[in-house]
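Me: I am new to this structure. Please show it, and then let me ask what stands behind each term.

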Amino acid sequence: MADASAGGSLDDYPTIDPTSFDVVVCGTGLPESILAAACAAAGKTVLHVDPNPFYGSLFSSIPLPSLHSFLSSDSSTPCPSSSTATSSSSAAAASHTAVDLERRSLYSEVETSGTVPESSRRFTVDLVGPRVLYCADEAVDLLLRSGGSHHVEFKSVEGGTLLYWDGALYPVPDSRKAIFKDATLQLTEKNLLFRFFKLVQSHIAASSSGDNEREGEASGMISEEELVLPFTEFLEKQRLPPKIRAVVLYAIAMADHDQDVAEPCEKLLTTRDGIKTIALYSSSIGRFANAEGAFIYPMYGHGELPQAFCRFAAVKAIQEQQVAAVRVLQLSSNVAVCPPGIKNICPVFHYQGTSGTVLSCPMPDEDLDFRNILESTKKLFADTYPNEEFLPRNSAPKYNDDDSDSAE
Amino acid sequence: MHGQPRRPAKPEDDAAAAAKAAKLRDLQVQVLQNHHSRTYTEEALGLSFKLLEINPEAYTAWNYRKLALQHNLRELTDPEAIKSSVDDELRVVEIALRQNPKSYGAWYHRKWLLNQKLTPVDFKREFGLLDKLLKVDARNFHGWNYRRFLAKFMGVPEEEELKYTMDKICDNFSNYSAWHNRSILLSNLLTQQRKGFESKQKICSEEFELVTQALFTDPSDQSGWFYHLWLLAQTSSPENPQLISSWPCNGAKLSLSLVGKKDDLNTVSSSLKEGIVPIVLYFNEPVKGLSPSTVKLNSDLVIGNNIQWRPLSITDSGHSNCWATYLEITNKECSSSQQFSVEVSIPCSDDIVSRSGSHCNCPVHFMFTIELGNNDDKARNIDLFHDPISWNGSESVQSHGNPSSVPFDHLNITDALVQEESKWHLEALSEQIDLFRELPDENSKFAKLTLARLSLACAAIKSRGNSPIERKGYCEEALGFFSDLIYLDPSHKRYYEDERSSVQMDQLTCNMATFMEHCSDQVQSNLSPLNHVQLCRLALTRIGYPERLLWVQMLDLSHNNLRSVEGLEALQQLVCLNISNNQISGFTSLEPLTKIISLKVLDLSCNEIGAHSIDTARYICLSPFSHKVEPCDAFEECRKKNINVEEFWDAILFFKSVNLVQLDVKGNAVANKDTFRTVVMTLSPSLKFLDGTCVH
């Protein structure tokens, strides 16, 4: 469908063999990488290209000294690929359609000031902003499932979550153990909080066992009427005092908007969503023996995540040579996954055929985790290949040191 | 490790199990052979290792390895070689423990090895292994036992171990072993008065604070409540055993005449067992060590030198709340009335010790007098039980006697024992009560039970401090909690009923005014008036506070729900007992009555004796009645009369040990059997009335 062989002025560039692919993915951001990996796992031939000399696109982690140059290039210079593509299309207009791939800029306005501090090398800036991964997150599952976890090192978010309440910071009591040890909670508050956890747990257990027939408290389920209530209202019904409500809402369910507004609006967390997040949170705690809290963070920034999926896609292709071929192409790089012999390829695509469509991947959102991004990526895949499974469980390539249930 | 459901075995497991069994049998035979032939070669040892690897419970294999090690070490002198064989042995234990971390044999083998002191113990390694083990299962009590062993072996300060329990509790407070070890360590530290552990009050307050954190976080977790129970015991009961009651009481005047009337308010007639005066001492907790050297008796009577103190308990532990001795009055030849005094004194003694090892540190002294009556021959020939005793209580309660004549609480020992620490105890307990009232789980059975126990502890302190009204309040609250619990937690209904009965008995007997309503003198023909107590239709399921009934001679407990009569053994004055219309289910539950030497009249009618094919009391009661069955004359005698001894063994044991004059058993399933009648008649030669008819 897509033909990367170029004519005319593109003779300078070596051709890629094979010359036609099921999918061409441009950019190596997290959604693009996951998509490429999913397509490769589904046995599609994939061409994965990126105009940038680094992995991750808008999801990369940039060393602090390079931040300035990144920002200025991102905002000022137009994307080189689009201009080249336009010029080359005239030369081979007959057999190819040139697709203008214009990258959207992440920032509408950038202003930098001051100098970079001395030890700046030790800092990395995550372009997607501060985000955390729940240990039981789907993204983590995907990494484990795809074997991508072998390429990322994680660090447990230590010290737990803190809550700012009444002018002071408190550690969030988020487990039975933490509630027991907490020195700031009243005895009755401890009781109410743990009882609430138990209610949620029994609800999750009852709903996951498919026991939907029995309604009401007997089955440990929270009723349907309560599930559609705003979460904050539900918490109030559980007689939780304000401070405990804040703990649940902002530190565990990770609501990023003020939930105590009078008007109902879409930012208001429903009980169903709130409980879903708590379920995720509680299954996160203790999932990995070496992760203390519920959250983990890639040791060298979020830029590691897309790379992990890219590598998976590449490994997949090497393992299943007949069906899939994945190339990760970079303009200047010494990254090992780049197939030998391919250097300095300008990302120009001559788009051929009629059945193909151009879809765009999700941009980074404002959330504190990757759940929504992952959701839209999955949807994208399902729209493209409705009959294929998204990164099936047994798709992971075999590694000798298979310790896939550890977060190290 | 805990709370994991057991999966049903699959058919393919059966084949595997059969193969394993065959292999095990094979190994077992070989190991036993080597054991018998004393073959201790490397190959033979390898076989025993293989066996233990699969089945660490093979005790003989462990024993064999011990012998082999001792045998092989005899030839070794090189310390390196010794060390390597000890290390091998340690490794075998580790591998066995991997198979079953709760293998008694394997743990014992390791302790044995260390105790041999063949090589210096690598404590770091041992503790490291333990840490690993307790990480996998923090509640493995074998691990905790071994830790205590190691700590003692190495001399780890108990303060350090206390910190360790704290760490484990912080990890997960649902850990019985950790709480338990904590209670042991704290007890030791407090007894030794180690630095930082001088004040029991301070430590207990801190521990209450700690455990309530756990209790409030998850009231449904039992482990914390158990620890709380231990703390409650530390806070409510006096540290040392105390004498709380006696018979005769201080200042009592006994008259040993066969017939006669009371002429003095404090006179108690002890007319029936001529010449024998029991002395009963009742302590607040089970003690042992009473003997003529710890209890001094002084009297101008000739009482003989072979005084023996016997525990009036049906358990075999040697500890008992209640102790008795029997004075045989030998100087009877006097013709006129004479008074003799008897002094009893218990000095501070290290020999009278409680189960926890604390000793009696409160000296007691009391005195009573015995009046020897004018025993003329005429009186001697009177048949005391010419007519059956009637239990027509309603008539007799007020018919005779001056209520104040009942010797009530003459032994004012308790008052003297109000300790200074009671005040703190009461404060701590009240604080706990207030706290648990705030617990939002209204229906937590643990919370309710704890509240009930706390209230009772307060009531007990109040009774020592003589504040009857406050005391009554606490008791009533406790009664309320028990009623709730019976409804809330029906599977433990009987326990709550027993507790409730005990409180009810306390309520009835704790103060003069209420007790008097149930007391009277009963006059029966030919007998001197008997001290009579009537506690009928109160739904009692067990006897509480027997120490307040020591003087009772006639006790009516009919129309209750009694399932046990434990406690009545202390009533050494008891002549007539009515426990008709109760729920006594067998003679095993009547064993305490065999300790009452004065018992003559027993009404057992309308109980459940013989109604149940299985005598559950035999398993539930602590009574070793059933464990003491040994060939005796009574069995032989019954066999001669063609009585099925197996069927009536409990009845035989009971009737051979009591000496009744009047018995009622009608309304029990057992009474319908003719053989049973034969048993009774055979073993009770003195019986005159059986079920209302004269038999002798």
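Me: How many residues does the contact take from chain A and from chain B, and what makes them count?
Reply: The contact takes 13 residues from chain A and 21 residues from chain B. Contact means heavy atoms within 4.5 Å. The model is predicted: local features need pLDDT of at least 70 and side-chain atom pairs pLDDT 80 or more, while totals for chains, interfaces and linings use all residues. Residues are numbered from 1 along each chain as its sequence is written, chains are lettered from A and ligands numbered from 1 in the order written, and side-chain values use heavy atoms, with hydrogens and water left out.

Me: What is the area buried between chain A and chain B?
Reply: About 1500 Å². Buried area is the accessible area (1.4 Å probe) that two parts lose on being put together, summed over both. Carbon and sulfur atoms give 57% of the area here. On the side of chain A, A:Arg176, A:Phe180 and A:Leu187 supply 48% of what that chain buries against chain B, more than any other three residues.

Me: Why is the pair A:Arg176 and B:Asp218 called a salt bridge?
Reply: A salt bridge needs a side-chain nitrogen of Lys or Arg within 4 Å of a carboxyl oxygen of Asp or Glu. The side chains of A:Arg176 and B:Asp218 meet at 2.6 Å, N to O. Across the interface of chain A and chain B the rule finds 4 salt bridges.

Me: What does the salt bridge of B:Asp131 and B:Arg147 tie together?
Reply: Its N to O distance is 4.0 Å. B:Asp131 lies in helix 6 (residues 123–136) of chain B and B:Arg147 in helix 7 (residues 141–154) of chain B, so the pair ties together parts that are 16 residues apart in sequence. Helices (H or I, at least four residues) and strands (E, at least two) are DSSP runs, numbered from the N terminus.

Me: How do you know how helix 4 and helix 5 of chain B run relative to each other?
Reply: Helix 4 (residues 79–99) and helix 5 (residues 104–116) of chain B pack at about 160 degrees, with axes 9 Å apart. Axes are lines fitted to C-alpha atoms, for helices over the stretch in contact, and angles run from 0 to 180 degrees between N-to-C directions. Angles under 35 degrees count as roughly parallel, over 145 as roughly antiparallel, 65 to 115 as roughly perpendicular and the rest as oblique. Helix 4 and helix 5 of chain B are therefore roughly antiparallel.

Me: Which side chains meet between helix 9 and helix 10 of chain B, and at what angle do the helices pack?
Reply: Helix 9 (residues 176–192) and helix 10 (residues 200–217) of chain B pack at about 170 degrees, with axes 11 Å apart. They are therefore roughly antiparallel. Residues in contact include B:Trp179 and B:Leu186 of helix 9, and B:Ile203 and B:Leu210 of helix 10. The contact divides into 7 nonpolar, no polar and 3 charged residues. Ala, Val, Leu, Ile, Met, Phe, Trp, Tyr, Cys and Pro count as nonpolar, Asp, Glu, Lys and Arg as charged, and the others, Gly among them, as polar.

Me: What makes helix 1 of chain B oblique to helix 2 of chain B?
Reply: Helix 1 (residues 11–36) and helix 2 (residues 42–54) of chain B pack at about 140 degrees, with axes 9 Å apart. That angle makes helix 1 of chain B oblique to helix 2 of chain B.

Me: Where is B:Gln193?
Reply: B:Gln193 lies in the loop between helix 9 and helix 10 of chain B. Its phi is positive, about 55 degrees, although it is not a glycine.
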